[in-house]
Amino acid sequence: MNSPIREDRKEEKINGKIIDMSPSANFRHGIVNNNINTIIKTGLKNSMCLVFMENLDLRYEPDQNDNYVIPDVMIVCDRKKMHGGSYHGIPKFIAETLSPATAMRDLTEKKDIYQAIGVSEYWIVSPKERGVQIYYLNDGEYKLVNSFILEDDADNRNYNADVQLALREFPQIKMTLWEIFEGVE
């Protein structure tokens, strides 16, 4: 007998395997995602593109299987590829925010999935380290182009809180390291 689907349950299906993502990650994860999402949403005003935060499945091989992932933050521009609660196209940008339960998958399986389908920019964000790794797709492979760990002590010679990051395909969307981690202690 099948168990009933719980509305509060969050899961992904990678290579045919269901991965339970419940319970939700800690509050720092949500703060970072909200910070990034808010900045992107403001920058996409008057655009056909939309930003989603943890609430739209990405069906990454819709013609071959029913696998899906739920990116933390994702920009989609082809509205015709949205069907119900999922997107069947190639996002322009994805950010995954690490948590102890998802870090390995975000750094390996999901990174490989995003590379294979052609997501041009992938950010891995770590609330714990207050770090960001930025990957660009070049010749079908991700290349690490920037890696930062926030140093917000203005007296430290490595101070970088005001370093501004711009999205590759949306150069008008800029955010500082401090803005990404605002509210994360």
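**Terms tested against values**

Trainee: Not counting residues up to four places away in sequence, which residues does D66 touch, and what makes a contact?

Mentor: D66 touches K13 and R59, where contact means heavy atoms within 4.5 Å. The model is predicted, so local features need pLDDT of at least 70 and side-chain atom pairs count only at pLDDT 80 or more, while totals for chains, interfaces and linings use all residues. Residues are numbered from 1 along each chain as its sequence is written, and side-chain values use heavy atoms, with hydrogens and water left out.

Trainee: What makes the pairing of the D66 and K13 side chains a polar contact?

Mentor: The two side chains are joined at 2.7 Å, and a polar contact is a pair of N or O atoms within 3.5 Å; within protein, one must be able to donate a hydrogen and the other to accept it, and residues adjacent in sequence count only if both atoms are side-chain atoms. The distance of 2.7 Å lies within that limit, so the label holds for D66 and K13.

Trainee: Where is D66 found, and why is D66 called partly exposed?

Mentor: D66 is in the loop between β4 and β5, where strands are DSSP runs of E of at least two residues and helices are runs of H or I of at least four, numbered from the N terminus. The relative accessible area of D66 is 40%; buried means under 20%, exposed over 50%, and partly exposed in between (1.4 Å probe, protein chains only), so D66 is partly exposed.

Trainee: How do you know that C49 and C77 form a disulfide?

Mentor: Their sulfur atoms are 2.0 Å apart, and a disulfide is a pair of cysteine sulfur atoms within 2.5 Å, so the pair C49 and C77 qualifies. The search of the whole structure finds one disulfide. This pair links distant parts of the chain, 28 residues apart: C49 is in the loop between α1 (27-43) and β3 (50-53), and C77 is in the loop between β5 (73-76) and β6 (82-83). With 110° about the S-S bond, the link of C49 and C77 is right-handed.

Trainee: Are C49 and C77 buried or partly exposed?

Mentor: C49 has a relative accessible area of 12%, so C49 is buried, whereas C77, at 23%, is partly exposed.

Trainee: What makes K10 and E54 a salt bridge?

Mentor: The rule asks for a side-chain nitrogen of Lys or Arg within 4 Å of a carboxyl oxygen of Asp or Glu; K10 and E54 meet at 3.3 Å, N to O, so the pair passes. K10 lies in the segment before β1 (11-14) and E54 in the loop between β3 and β4, so the pair ties together parts that are 44 residues apart in sequence. E54 has a relative accessible area of 28%, and is therefore partly exposed.

Trainee: How many salt bridges does this rule give, and which residues are linked in a network?

Mentor: The count comes to nine, and E12, E96, R105, D106 and K110 are linked in a network of salt bridges. K143 and E141 also form a salt bridge, with the closest N and O atoms 3.8 Å apart. K143 is partly exposed at 38%, and E141 is partly exposed at 45%.

Trainee: How do you know that β10 and β11 pair?

Mentor: Two strands pair if DSSP finds at least two bridges between them, and β10 and β11 have eight, in the antiparallel sense, so they pair. N138 stands opposite E141 in β11. The two strands form a hairpin with two residues between them, and D139 in the turn has a positive phi of about 55°.

Trainee: What makes β4 and β6 edge strands?

Mentor: The open sheet has three strands in the order β4-β7-β6, with mixed pairing, and β4 (57-58) and β6 each pair on one side only. Two bridges join β4 to β7 (residues 86-87), and these strands run parallel. D57 has S86 in β7 as its bridge partner.

Trainee: What makes a set of residues a nonpolar core, and which members of the largest one touch the most others?

Mentor: The set must consist of buried Ala, Val, Leu, Ile, Met, Phe, Trp, Tyr and Cys residues joined through side-chain atoms within 4.5 Å. The largest such core has 28 residues, of which I40, I75, W123, V132 and I180 touch the most other members. Its largest share, four residues, comes from α1. Apart from it lies another core of 21 residues, among them I19, L58, V69 and L137.
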